[in-house]
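Biologist: Hello! I would like to learn how to read a protein model, one step at a time. Could you show me one and take my questions?

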Amino acid sequence: MIPSTINLPDVLAEVEDVFARYEQALVSNDVNSLDALFWNSPHTLRYGATENLYGFDAIAAFRAQRPSQGLARRIRRRSITTFGRDFAVANIEFERSGNPRVARQSQTWVRFEQGWRVVAAHVSWMEAA
């Protein structure tokens, strides 16, 4: 792949938009939208702060029982990179009010016929510097 296919402006704008929709769904606990943004496949995975989820069904079940309070967060840093027209990675650092730790979230996005979907995600926490 040649460097000119990295962060094509129209593709980057699409991923930034879908990432913003994901973020809004996450902090408002819009489970239906969150589920719709994940690839409905047994190959999808999400490593959370306290759980390892393999397959769309496990991820959806986790979201359905997750508490809906305390989801607000402030993004400290965001990096989205697209590769070609159908693959992207999104990474953020975030913090939650009253929590001294810093969290990190990584997502791998792929464009399918239905649109952009998360195929892998990872959330982890670290002590503040």
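Modeller: Gladly! One definition to begin with: buried means under 20% relative accessible area, exposed means over 50%, and partly exposed lies in between. Please keep in mind that this is a predicted model.

Biologist: Thanks! How many salt bridges does a search of the whole structure find?

Modeller: A salt bridge needs a side-chain nitrogen of Lys or Arg within 4 Å of a carboxyl oxygen of Asp or Glu. When the whole structure is searched with that rule, the number of salt bridges found is ten.

Biologist: Let's look at one of them. How many residues apart are Glu 16 and Arg 78?

Modeller: Glu 16 and Arg 78 form a salt bridge, and their closest N and O atoms are 3.5 Å apart. This pair links distant parts of the chain, since Glu 16 sits in helix α1 and Arg 78 in strand β3.

Biologist: Is Glu 16 buried, exposed or partly exposed?

Modeller: The relative accessible area of Glu 16 is 30%. Buried would need under 20% and exposed over 50%. Glu 16 is therefore partly exposed.

Biologist: Which helix holds both Arg 21 and Asp 17?

Modeller: The side chains of Arg 21 and Asp 17 meet in a salt bridge, at 3.8 Å from N to O. The two residues are four apart, about one turn of the helix. Both belong to helix α1.

Biologist: Which strand does Arg 111 lie in?

Modeller: Arg 111 meets Asp 86 in a salt bridge of 2.9 Å, N to O. Asp 86 is in the loop between β3 and β4, 25 residues away from Arg 111. The strand that holds Arg 111 is β5.

Biologist: Which residues are linked with Arg 74 in a network of salt bridges?

Modeller: Here several side chains take part in a network. Linked with Arg 74 are Arg 76, Glu 93 and Glu 95.

Biologist: Now to helix α3. Why do its buried residues count as being on the same side?

Modeller: The buried residues of α3 are Phe 56, Ile 59, Ala 60, Phe 62 and Arg 63. They are on the same side because, around the axis, they cover an arc of only 160°.

Biologist: And which residues are exposed on the other side of α3?

Modeller: The buried residues of α3 pack against α1, α2, β1 and β2. On the other side of α3, the exposed residues are Asp 57, Ala 64 and Gln 65.

Note on methods
Residues are numbered from 1 along each chain as its sequence is written. This is a predicted model: local features need pLDDT of at least 70, side-chain atom pairs count only at pLDDT 80 or more; totals for chains, interfaces and linings use all residues. Side-chain values use heavy atoms; hydrogens and water are left out. Buried means under 20% relative accessible area, exposed over 50%, partly exposed in between (1.4 Å probe, protein chains only). The arc is that of the directions from the helix axis to the C-beta atoms. Contact means heavy atoms within 4.5 Å.
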